[in-house]
Amino acid sequence: MSLDHKKIVLAVSGGIAAYKAAVIISLLRKKGAEIKCIMTAHAAEFITPLTLREISGNPVAVSLFGDVPEFRVEHIALAQWADLFVIAPATANIIGKIANGIADDLATTAVMATTVPVIIVPAMNTNMLANPIVQENMAKLEKLGYMIMPPESGVLACGTVGAGRLPEPEHIAEYIEYAVMRTDCLKGKKVIVTAGGTREAIDPVRYIGNHSSGRMGFAIARAAAFAGADVTLVAGQVNLPTPSAVKRVDVLTTNEMKAAVDALYDDCDIVIKAAAVADYRAAEPSPQKIKKNDDVLTLDMVKNPDILLALGQRKKNQILVGFAAETTNVIEHGREKLKKKNLDMLVANDVTAEGAGFKGTTNIATFLYADGTSEPLALMSKDALAAEIIKRVASICEKKRQRE
């Protein structure tokens, strides 16, 4: 699991979103983390310490003068135990205290005493969030090295609609995973990842597409962000949340994806093209729905541009990684594509093999390299395969640096 043996202190402050702490803890434990909780006195008005104790499997600390035997000096013990400190939800009050060195309860004194990374997840009324004092406090904390996870927009507990909503627990868990797993092996690199399928209209109702779920490309974007890269994800038609610390550009057609990638290409270091684009489009899409008048419908099709081929032709110092989703002669077709498109690496897989289809959560791949070598991999999750891809890309980057 991605957070195996990681020790995380979750401090819960007194906002209505405190109830989401239970879900955050559950998600982090499923990823392998051990969680210990601190609650402010006001947080305990929204959700009980008993609830968080049962879900975390550990005692919950509320007071500096509590009676939990294992914490002789609670704020010091927790600060020394943790690999990561998370405050979620973080109210304007606790943000202000930390930013100005005030330590008047267990949560704030523990934060002051810790030397591990601290993630602050603000949640408050829109006007409070926009208050210049709150903004100044958050900017000060970021400058000091604290990580601030931006709040989301939506309907708030007070009935208003706007920014200030606590991010969904799944997004918080992923952000924490990003903070813990970051390796910096691609630090300073600008990476473009394409993902998902494109759609080409036949008429206002129908389109040409494919079965791509986008999971592989999104996993690669997430892994590249974990590696410290500046990642832009160019996404086709998928229903997946944007990975933490990743910029996203949504497109519909192959031509739109090409335009988005072309605009970023000259300034990037790495392109990993995991998208399954539509190779053909209707020559003249019908402006009206085509009626079922005949037994046979004939469409005139024209070829879409080959995005990766064009990138290979324009390549200067960029590293290019392609995918070959095949059904026969996988390695042979993969080697042809690798050479023809001037790639540094190609991920080849047989989409008919059990466990390697488009919509699943696993994949089986063989890595092919420009020097003619290959590396078959066993069945693994798409997240695990993404991590392996990023490791190989980092290795290619390092070898290239050494040659220069």
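Ile38 stands opposite Ala61 in strand E3. This is a predicted model, where local features need pLDDT of at least 70, side-chain atom pairs count only at pLDDT 80 or more, and totals for chains, interfaces and linings use all residues. Residues are numbered from 1 along each chain as its sequence is written, and side-chain values use heavy atoms, leaving out hydrogens and water.

Let's start with the sheet. Strands of a sheet pair through backbone hydrogen bonds, either parallel or antiparallel. Here, six strands form an open sheet with parallel pairing, in the order E3-E2-E1-E4-E5-E6. Strands E3 (60–61) and E6 (147–148) stand at the edges with a single partner strand each, so one side of each has no neighbour in the sheet. E2 (residues 34–39) pairs with E3 in the parallel sense over two bridges; pairing takes at least two bridges found by DSSP. Helices (H or I, at least four residues) and strands (E, at least two) are DSSP runs, numbered from the N terminus.

Angles run from 0 to 180 degrees between N-to-C directions, with axes fitted to C-alpha atoms, for helices over the stretch in contact.

| Helix | Lies across | Angle |
|---|---|---|
| H5 (residues 106–113) | E1, E2, E3, E4 | about 145° to E4 |
| H8 (residues 169–181) | E1, E4, E5, E6 | about 160° to E5 |

Now look inside helix H8. Tyr175 and Tyr178 are three residues apart there, which means about one helical turn separates them. Tyr175 counts as buried at 12% relative accessibility, and Tyr178 counts as buried at 10% (buried is under 20% relative accessible area, exposed over 50%, partly exposed in between, with a 1.4 Å probe and protein chains only).

Technical notes: Contact means heavy atoms within 4.5 Å.
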